[in-house]
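Reader: I am new to this structure and would like a close look at a single part of it. Could you take me through one region slowly and carefully?

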Amino acid sequence: MSAIYNHTVARLTYRALLGRRRALILLSLPALLLVIAVVVRALGGMDDRAATEILGAFALASMVPLIGVIAGTGAIAPEIDDGSIVYLLSKPLDRMTIIVTKLFVAIGVTVAFTTVPILLAGMILNGNSQQIATAFTVAAAVASVAYSAVFLLLGTVSRNAVVFGLVYALIWEAVFGSVVPGARTLSIQQWSLALAERIAGDGADISSEVGLPTGVILLTVATVLGTWYAGRRLRVLKVANDE
């Protein structure tokens, strides 16, 4: 594990991601989800359909990718923008070790700030009837891995990583990935939704545009390729700084 994970890099990355400003942003969306769940439960009682719509349309389609943007780009983009990444690159660390460590941190933060509130919201909304809460929690966990890798990569290739990440999260995933048939097949949301569909009961109104094997393969490809190319970009960045 020590060959691909560095505790010092991890500690510095956690500190950067969980600073006061980012922590408030990370907490705001889960808090909003829980408030919505409590209000819906108070007004309408337990409702499987409401649980599916809220956990699908808001939590999985909007909250998870947005938190992924904050964690994924925040794990490396600020260091590249302000030039402090040079000090890290000057250490005798393999560039892939840096990327993988930052990816683990981004995944940990994204999973923590998405799966727990989704599970709690699902329990509030329908008591996990038909395993709806469990299904969306698992979907959020696997989506968090892919989002973290994709947005970490974005942080290494663009100085406007946050902007492009927000465009992807708010427009592609939340809008096109939810309603446009062709775009839905090219959406991390839909790939992870395939797992939710398999876990949930037959009566749950959860469906994905892709089958489970395809969804798992695409999630794996996005994660592996995103991580590999981010490492490659970091090596190029080192050469550019040396020059």
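**A nonpolar patch and the helix beside it**

In this predicted model, a nonpolar patch on the surface is formed by Val 162, Val 163, Leu 166, Val 167, Leu 170, Ile 171, Val 175, Phe 176 and Val 180, which together have about 670 Å² of accessible area. One of these residues, Val 162, lies in helix H8, and because its relative accessibility is 42%, between the limits of 20% and 50%, Val 162 counts as partly exposed.

Helix H8, which takes in residues 161-179, also holds Gly 165. Gly 165 has a relative accessibility of 0%, and therefore counts as buried, the cut-off for that word being under 20%. If the neighbours within four places in sequence are left aside, the residues in contact with Gly 165 are Val 69, Phe 151 and Leu 154. Along the chain, Gly 165 and Gly 203 are 38 residues apart, and their C-alpha atoms are separated by 35 Å.

A further element to look at is helix H3, which runs over residues 48-74 and has a kink of about 40° centred on Ala 59. Helix H3 is mostly covered, with 23 of its 27 residues buried. At its N-terminal end, H3 is capped by Asp 47, from which a side-chain oxygen lies 2.8 Å from the backbone nitrogen of Arg 49.

Conventions:
Residues numbered from 1 in each chain as written. Predicted model: local features only at pLDDT ≥ 70, side-chain atom pairs only at ≥ 80, totals over all residues. Heavy atoms only, no water. Helix = DSSP H or I, 4+ residues; strand = E, 2+ residues; numbered from the N terminus. Buried < 20%, exposed > 50% of the residue type's maximum accessible area, 1.4 Å probe, protein only. Contact = heavy atoms within 4.5 Å. Bend = angle between axes of the 7 residues up to and from the residue. Polar contact = N/O pair within 3.5 Å; in protein donor to acceptor, adjacent residues only side chain to side chain. Patch = residues over 30% accessible without salt bridge, like charges linked within 9 Å, V, L, I, M, F, W, Y side chains within 5 Å. Areas by Shrake-Rupley, 256 points an atom, 1.4 Å probe, with all protein chains shown as cover. Salt bridge = Lys/Arg side-chain N within 4 Å of Asp/Glu carboxyl O.
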